[in-house]
Amino acid sequence: MEITIGKTAGFCFGVRRAVERSIEEVQKEKKQIYCLGELVHNNEVIKDLEKKGIKFIESIEEVKEEKAKVIVRAHGIEKEIYQKANKKGIELIDCTCPNVLKTHELADEYQKKGFYIFLMGVANHPETIGTISYCGENKSLIVQKEDIEEAIKNLEKSKIKNVLVFAQTTYSIHKFEENIKIIKAQLKEDIQITIKNTICLTSEQRQKETEEISKQVDTMIIVGGKNSSNTKRLYDVSQKNCKNTILIETKDELTKDIKDNSKKIGIMLGNSTPQKSIEEVVKFLNS
């Protein structure tokens, strides 16, 4: 059996930074440390952080004690939560991925300039929810290409002549490029369009490498959280070339027939999947 592991697999910079800083905080503090939402979308990582003493909460209102410390997840939070935390005297340990913070700054900059904003992203994803809170009143979320027509109608109703188009950092690069073509074709000539490719380099590289590997193997194994946007992107990319693509969170989901029925297996990890997951999957396949 031949196993090909993606060279870009493992924690991305933003995830590694968030996990390491969270561990540092919980080790130096004697009082309870909270994290608002899942720090990253990986159950194994979350379980490990819970064992270390971090308590995960869904709302800032759950924090009752004064001068509490709350970690901000790697996906970022809504603009209003910073204000709420300040009023409650809560210290936020901001572990938002630097690439996500850049999209917040970009959105805020252009909404202040009076631009209409098109944000491409996954509906109800924490990053999308956080980023769209910086887009002001004149905005449209584009999840699929079917949303473009409605977004352009809303733009025309606003009478605004400048539009910014950008994306969630883990959005599909193929979808982004396809949507840009459709938007350009449908916009009226008097509309000025500004396009910013805000998909992070790591996500883009993994999508491209996954595409390459999936063309060369019988089976493709994508390892990552089932609620992880970037992991789902890798799964979608792989399935286009390798129908026998499976998405797992841990090696416990693998079965013996995968080994028996595959001569060439490819492995790629989502941005939030720890390195040990590769080792466990490879050990199972070689056992």
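What follows is a set of questions and answers on how terms are applied to one predicted model.

Author: The model is predicted, so local features need pLDDT of at least 70 and side-chain atom pairs count only at pLDDT 80 or more, while totals for chains, interfaces and linings use all residues. Residues are numbered from 1 along each chain as its sequence is written, and side-chain values use heavy atoms, with hydrogens and water left out.

Reader: Why is the contact between K112 and D108 called a salt bridge?

Author: A salt bridge is a side-chain nitrogen of Lys or Arg within 4 Å of a carboxyl oxygen of Asp or Glu. For K112 and D108 the N to O distance is 3.1 Å, so the pair meets the definition. Side chains of opposite charge can pair when their charged atoms come close. The whole structure has 15 salt bridges.

Reader: Where do K112 and D108 lie?

Author: Both are in helix 4, 4 residues apart, about one turn of the helix. Helices are DSSP runs of H or I with at least four residues, strands are runs of E with at least two, and both are numbered from the N terminus.

Reader: What makes strand 1 and strand 12 a pair?

Author: Two strands pair if DSSP finds at least two bridges between them. Strand 1 and strand 12 (residues 264-269) are joined by 4 bridges and run parallel, so they count as paired. Strands of a sheet pair through backbone hydrogen bonds, either parallel or antiparallel.

Reader: What makes strand 7 and strand 9 edge strands?

Author: Their sheet is open, in the order 7-6-8-9, with parallel pairing. Strand 7 (139-142) and strand 9 (192-195) each pair on one side only. Inside the sheet, 5 bridges join strand 6 (residues 116-120) to strand 8 (residues 162-167). Helix 7 (residues 173-186) lies across strand 6, strand 7, strand 8 and strand 9, at about 145° to strand 6.

Reader: Why is a space called a pocket and not a cavity?

Author: On a 1 Å grid over the protein atoms alone, a cavity is a set of points where a 1.4 Å probe fits but cannot get out, whereas a pocket is an open set with protein on both sides within 12 Å along at least five of seven lines. Lining residues have an atom within 4 Å of a point. The largest pocket is lined by 23 residues, and C12, V15, C97, T170 and N271 lie nearest its centre. Its volume is about 280 Å³, where grid points are joined across faces, edges and corners and the volume is the space filled by probe spheres set on the points.

Reader: What makes a residue of the second largest pocket's lining count as charged?

Author: Asp, Glu, Lys and Arg count as charged; Ala, Val, Leu, Ile, Met, Phe, Trp, Tyr, Cys and Pro as nonpolar; the others, Gly among them, as polar. On that basis the lining of the second largest pocket has 4 nonpolar, 4 polar and 7 charged residues. The residues nearest its centre include E58, R73 and E78, so these three are charged by the definition. The lining of the largest pocket has 8 nonpolar, 14 polar and 1 charged residues.

Methods. Contact = heavy atoms within 4.5 Å. Axes fitted to C-alpha atoms, helices over the stretch in contact; angles between N-to-C directions.
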